[in-house]
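Here is a short report for a reader meeting this structure for the first time. Take a look at the model, then read on.

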2 protein chains.
Amino acid sequence: MKLPEKVKIFEVGPRDGFQKVEKFIPTAVKIEIIDQLSGTGLTKIEATSFVHPRVIPQTRDAEEVLAGIQRRPGVIYSALVPNVKGAERALSAGADEINAVVSVSETYNRKNVNMSVAESLQNIAAVIALAREYGRKTVVSLANSFGCPFEGEIPEERVLEVARQVLDLGAGGLVVADTTGLAGPLQVRRLVGRIEEIWPGLDLTLHFHDTRGLGLANVYAALEEGADQFDCSIAGLGGSPAAPYASGNVCTEDVAFLLKRLEIESGLDLPVLLEISRKVEEVVGFTVPGRLVKAGLR
Amino acid sequence: MKLPEKVKIFEVGPRDGFQKVEKFIPTAVKIEIIDQLSGTGLTKIEATSFVHPRVIPQTRDAEEVLAGIQRRPGVIYSALVPNVKGAERALSAGADEINAVVSVSETYNRKNVNMSVAESLQNIAAVIALAREYGRKTVVSLANSFGCPFEGEIPEERVLEVARQVLDLGAGGLVVADTTGLAGPLQVRRLVGRIEEIWPGLDLTLHFHDTRGLGLANVYAALEEGADQFDCSIAGLGGSPAAPYASGNVCTEDVAFLLKRLEIESGLDLPVLLEISRKVEEVVGFTVPGRLVKAGLR
């Protein structure tokens with residue numbers, strides 16, 4: 001066990017969470033929530049995505065969101081981009097950091113973006129180059145790193161191979177993602193252990209979904225290997241719009257509670273996160289997956 | 001890490017889960033669900049409670065439930081009892097095993113059963129003696145072992161002290177319970193480690209609630225200390241009736257999925273558990289807290 005003393009939590013709710021909510025969340029509400037989140041100790045917020053509005057209409061207001069928020073010093077406002085065109089939009093709109101995605105599963109990547117993994121990597125190379133022109137970092141998410149709904153188990157070596165390619169292209173950090181909630185703690189410990197062994201000091205973030213209930217067990221397992229950066233989503237949003245009660249990303253405030261119980265410093269203001277989570281529940285109009293928001297701290 | 005090779009899952013949904021559902025679940029439905037559960041590899045089912053019907057009307061049919069179920073060889077059908085009178089009813093009705101409860105928190109125990117811990121222990125001594133006359137074992141649950149909503153943190157020594165008293169009275173096993181979902185993984189590892197050190201070979205069960213989202217992380221932490229018996233509830237029922245979407249006990253099928261991902265043998269039939277969970281959701285009439293039942297295995 002080598003639990004870290006400090007952990008950074010990155011908020012992905014405004015992107016990974018809100019994009020899954022069926023109704024369009026008004027731009028002003030998104031901005032208000034991002035501005036509240038930026039005051040809770042979160043050090044990075046994925047504010048929106050620059051995927052084409054035809055594909056994800058929920059983030060058709062990406063430029064307006066980035067223009068409307070109050071930039072809080074010390075907080076990185078990142079944006080997800082699918083390609084160079086999206087990256088151009090994001091960088092012009094003032095995104096501090098770019099998140100580009102490739103799946104380590106060939107089948108998933110083709111189904112998701114209609115490209116081979118190799119094509120996606122070329123794409124990412126161009127995104128990284130463009131971001132550099134703007135003096136911005138690109139972090140690359142490795143989707144399905146712990147299993148694929150189509151291919152099943154993904155060999156660890158495959159994840160490491162794509163990670164190496166992405167780092168060779170100049171990525172400034174990696175997000176190892178359990179896109180559909182298939183990871184288990186042993187697998188997490190093994191993969192995180194390997195990555196830290198191969199690339200000590202790497203800007204590594206773990207991104208778990210609680211789709212099958214193992215989200216926080218996986219966060220704990222990653223912490224045991226010393227991982228200290230996690231993507232989380234306020235209220236646990238991120239489930240499929242077809243199943244609004246199904247849980248999505250690991251829930252920001254639940255992870256903050258885990259860290260508190262583990263005596264790990266996160267710098268997060270838990271009571272304020274709970275207030276925001278309650279507000280998010282009102283905004284989306286359905287019961288959110290987060291646990292703590294229903295029970296309270298005591 | 002000393003993950004066990006095999007783990008036993010005990011089902012408490014028919015008692016801890018159903019008692020929290022506002023409407024009365026028809027006796028025939030309870031019996032049908034218990035009979036389905038007994039075919040999934042679960043080795044113990046807490047079938048009902050013999051608390052006075054004025055206090056918990058949901059289990060006013062305790063005798064009928066025990067009389068109506070089909071006893072499957074190898075499955076222990078236990079019942080919760082609050083006192084000797086309840087134990088008499090349970091033993092006459094054919095309960096295989098008795099579950100008696102005492103809180104390690106003086107305040108909680110008084111609020112819950114209007115007795116001091118010392119009085120509850122006297123009570124339990126009488127229950128154990130009576131059960132012995134019937135040749136039956138009494139397992140004692142130590143409520144609030146990981147924290148109390150009134151007293152806050154509970155010192156580990158306090159839990160160990162009550163555990164010792166209970167074992168001195170002749171309890172056949174201990175259930176260490178996180179009654180209101182306050183436990184964290186470090187605390188779990190410490191307490192489980194201490195108990196196993198002091199009483200190696202003890203019939204020890206961990207009973208976690210997922211009230212604040214840490215349920216499965218706590219199960220994983222206990223497994224890391226070698227714990228191999230867990231109370232779980234089908235569909236994750238057990239939340240307060242005042243907050244039907246708030247989660248209760250750790251969810252049987254989600255824990256079964258965790259064990260599967262950890263390559264630990266549980267003997268559980270996961271697809272059948274999912275079928276039963278879906279049925280339970282229909283019966284209770286609200287969205288249950290379990291995750292896997294919404295997402296499916298893939």
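## Overall build

Chain A has twelve helices and eight strands. Helices (H or I, at least four residues) and strands (E, at least two) are DSSP runs, numbered from the N terminus. The radius of gyration of chain A is 17 Å, close to the 19 Å that the globule rule gives for 298 residues, so chain A is as compact as a globular protein of that length. That radius is taken over C-alpha atoms, and the globule rule is 2.2 Å times the number of residues to the power 0.38.

This is a predicted model: local features need pLDDT of at least 70, side-chain atom pairs count only at pLDDT 80 or more, and totals for chains, interfaces and linings use all residues. Residues are numbered from 1 along each chain as its sequence is written, while chains are lettered from A and ligands numbered from 1 in the order in which they are written.

Along the principal axes, the C-alpha atoms of chain A fill a box of roughly 45 × 45 × 35 Å. Of its 298 residues, 54% count as buried. A residue is buried if 20 or more other C-beta atoms lie within 10 Å of its own, exposed if 12 or fewer, and partly exposed in between; the C-beta atoms are placed from the backbone. Take the contacts in chain A between residues at least 6 apart in sequence: 73% join residues at least 24 apart. A contact means that two C-beta atoms, placed from the backbone, lie within 7 Å.

## Helix α6 of chain A

Helix α6 of chain A covers residues 117-133. At 1.5 Å a residue, its 17 residues should span 24 Å, and the end C-alpha atoms are 25 Å apart, which agrees. The expected span is 1.5 Å times one less than the number of residues.

Which residues of α6(A) are buried? They are A:Ser120, A:Asn123, A:Ile124, A:Val127, A:Ile128 and A:Ala131. Seen down the axis of α6(A), the buried residues fall within an arc of 145°, so they line one face of the helix. The arc is that of the directions from the helix axis to the C-beta atoms. Their cover includes β3 (76-81), α4 (84-92) and β5 (137-143) of chain A. On the other side of α6(A), A:Ala118, A:Gln122 and A:Glu133 are exposed. Just after the helix, A:Gly135 takes a positive phi of about 70°.

## Two chains, one axis

A rotation of 180° with 0.0 Å of shift along its axis superposes chain A on chain B (RMSD 0.0 Å). That is the relation of a two-fold axis. The superposition is by least squares on the C-alpha atoms of residues with pLDDT of at least 70 in both copies. Of the residues of chain A, A:Ala217 comes closest to the rotation axis, at 1.9 Å (C-alpha).

At the interface, 31 residues of chain A are in contact with 31 residues of chain B. Helices α8 (185-198), α9 (215-224), α10 (252-261) and α12 (292-295) of chain A each supply at least two residues of the side that touches chain B. Also, 100% of the interface residues of chain A are interface residues in chain B, so the copies meet through the same surface.

## Two loop residues in chain B

B:Asn144 has a positive phi of about 65° although it is not a glycine. B:Asn144 sits in the loop between β5 (137-143) and α7 (156-168) of chain B. With 25 C-beta neighbours inside 10 Å, B:Asn144 counts as buried.

B:Glu263, also not a glycine, has a positive phi near 60°. B:Glu263 lies in the loop between α10 (252-261) and α11 (270-284) of chain B. With 11 C-beta neighbours inside 10 Å, B:Glu263 counts as exposed.
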